[in-house]
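Have the sequence and the 3D view open side by side, and follow along as the sections go by.

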Amino acid sequence: MTFLGPDGEPRCDWAGGAPGFVEYHDGEWGFPVSDDVRLFEKFCLEGFQSGLSWRTILDKRENFRAAFAGFELQAVAAFDESDVLRMLADAGIVRHRGKIEAAINNAGRALELIESEGSLAAFVWRHEPDPAEIPEPQSLTTSPTAISLSKDLKRRGWKFVGPTTVFSFMQAMGLVNDHAHDCVVRARVADARAAFTPPA
């Protein structure tokens, strides 16, 4: 389903839900990403979203970036209990100890993965699913590839990376083009994916 955006063009219906959604939908959601910091940030934010709405996380995204040192992996991996307490007192983010500690843990696990695989991006894009795995846009909340990637990450010690969280990550980071068929951005994402070379 779609709605008509401010320019009269159709967009995925969720993009009309709140201020900032159209910009996020049009400029970020579904476009392929190969930057390790952005990929790590998205893993973290999807983990924080668990049980909440994306609107809550998007509204607080800049606060998360400030609290987590721009999601620079080395910096986050070095966080300690004082940083956890600092963030638990920060009303600008989601103050959930388990999710905060998971993000810190995952930074360390991401560094290990980079050491063994070359980059976080190279690892992630090896899990790009066959488009036939997604029968219709926005018809699934997880997929076989998301389940497989979730299991792989958990085996490596990652936390808050269940199959639904991982599938949302895959939608947002361009591994899946899940824009509605009549959404004006679907073709833009398809073009970006066609021009994108997955990192080796």
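## A buried glutamate and its partners

Which residues does Glu41 touch, not counting residues up to four places away in sequence? With contact meaning heavy atoms within 4.5 Å, Glu41 touches Arg61, Arg65 and Phe71. Glu41 sits in helix α2 (residues 36-49); helices here are DSSP runs of H or I with at least four residues, numbered from the N terminus. Glu41 counts as buried because its relative accessibility is 9%, where buried means under 20% relative accessible area, exposed over 50%, and partly exposed in between (1.4 Å probe, protein chains only).

Before going on, please keep in mind that this is a predicted model: local features need pLDDT of at least 70, side-chain atom pairs count only at pLDDT 80 or more, and totals for chains, interfaces and linings use all residues. Residues are numbered from 1 along each chain as its sequence is written, and side-chain values use heavy atoms, with hydrogens and water left out.

Arg61 belongs to helix α4 (residues 61-67) and, at 12% relative accessibility, counts as buried. Leaving aside residues up to four places away in sequence, Arg61 touches Tyr24, Glu28, Glu41 and Leu45.

Arg55, in helix α3 (residues 54-59), counts as partly exposed at 42% relative accessibility. Arg55 and Ala18 are 37 residues apart in sequence, with their C-alpha atoms 7.1 Å apart in space.

## Helix α9

Helix α9 (residues 144-155) has twelve residues, which at 1.5 Å a residue should span 16 Å; the end C-alpha atoms are 17 Å apart, which agrees. The expected span is 1.5 Å times one less than the number of residues.

Which residues of α9 are buried? They are Thr145, Ala146, Leu149, Ser150, Asp152 and Leu153. These residues cover an arc of only 165 degrees around the axis, so they lie on the same side of α9; the arc is taken from the directions from the helix axis to the C-beta atoms. An α-helix has 3.6 residues a turn, so residues three or four places apart point the same way. The buried residues pack against α2, α7, α8 (120-125) and α10 (163-172), while the face turned away from the buried side carries the exposed Pro144, Lys151 and Arg155. After α9 comes Gly157, with a positive phi near 100 degrees.

## The largest cavity

On a 1 Å grid over the protein atoms alone, a cavity is a set of points where a 1.4 Å probe fits but cannot get out, and lining residues have an atom within 4 Å of a point. The largest cavity holds about 70 Å³, a volume being the space filled by probe spheres set on the points, with grid points joined across faces, edges and corners. Its lining includes Phe43, Phe48, Ala102 and Phe160. The elements giving two or more residues to that lining are α2 and α7 (97-117).

## The largest pocket

A pocket is an open set with protein on both sides within 12 Å along at least five of seven lines. The largest pocket holds about 450 Å³. Of the 20 residues lining the largest pocket, Glu46, Gln49, Trp54, Ser168 and Gln171 lie nearest its centre. Helices α1 (21-27), α2 and α10 each supply at least two lining residues, and α10 gives the most, with six.
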